[in-house]
Amino acid sequence: VCSSDLMLLVALSSVTAAWGLRRLGASRLVAAGAAIIFAASPFALYRNVEQFPMVTYLVPFPATVACLLASGAAAVRWPGRVQRMLLAGCALVGLNFIYPAFFGVVVMLAGIGIGFLRTRSRELVRQGAWCVAAVVLAVALNLSTNVIAWRTYGQPADVDHPAAQSEMFALKPRLLVSPLPGHWFPPFRAWLEREASADVPGENENHFARLGFVPLVCAVLVMGTSLFPRRQIGRAHV
């Protein structure tokens, strides 16, 4: 991917993340800072330098929906323009790489469950169901060409994904909280040296695709402000 594509990825990720955080009640300053952290996260950039279709810049849409649902803000009808934007974002997620689509549906379903337990609101369930349906229908449309090709030409014979790969390439909490490789901060370097001396088996690309300790702490703080918004969804900033 050329530098212009990479900069476009970072810019789009910043804009969509800031937009989502503003919908959750974050101030402009908090939203801008958190969006930059999200857009420049080593995990996202490492995976997207050669895989621009991973669409990190679309992840904030289902994430925003999930947080709105979990916080109970979706118990009231969303403003029309916000609803249209979220539905369009969820549909775009479904039309792209399958990983964001799958996990987007998972977190939105979790948001529906948490929000319903808090509010017992059928309107919340309805709002969430529309967003989930947007992703699912878009995925079905996207995969329809594959199904037609498989029926016409047969499925590829050289594609093999054994179940063991689910464990091999799964996100591991140890790598999520660990500092980035080659960190300049001495305590973090010592942390990495002790981690390397443990000689954990099965190390793979996840060793490099880390979020990093400091961004992880920031992400936890952002999630806290998202689940406990300072303002209500109906205020002017929405």
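I began with α4 and α5, whose axes lie 8 Å apart and pack at an angle of about 130°. Axes here are lines fitted to C-alpha atoms, for helices over the stretch in contact, with angles from 0 to 180 degrees between N-to-C directions. Helices are DSSP runs of H or I, at least four residues, numbered from the N terminus. α4 is therefore oblique to α5 (under 35 degrees is roughly parallel, over 145 roughly antiparallel, 65 to 115 roughly perpendicular, the rest oblique). I listed the contact (heavy atoms within 4.5 Å): F61, P62, T64, V65 and L68 of α4 with M85, L86, G89, C90 and V93 of α5.

This is a predicted model: local features need pLDDT of at least 70, side-chain atom pairs count only at pLDDT 80 or more, and totals for chains, interfaces and linings use all residues. Residues are numbered from 1 along each chain as its sequence is written, and side-chain values use heavy atoms, leaving out hydrogens and water.

Next I checked α4 (residues 60–71) against α6 (residues 98–119): their axes come within 6 Å and cross at roughly 15°. The two are therefore roughly parallel to each other. On the α4 side I noted P62, V65, A66, L69, A70 and S71, which meet α6 residues including G104, V107 and M108.

What does C90 touch? Leaving aside residues up to four places away in sequence, I found F61, P62, V65, M108, C131, A134 and V135.
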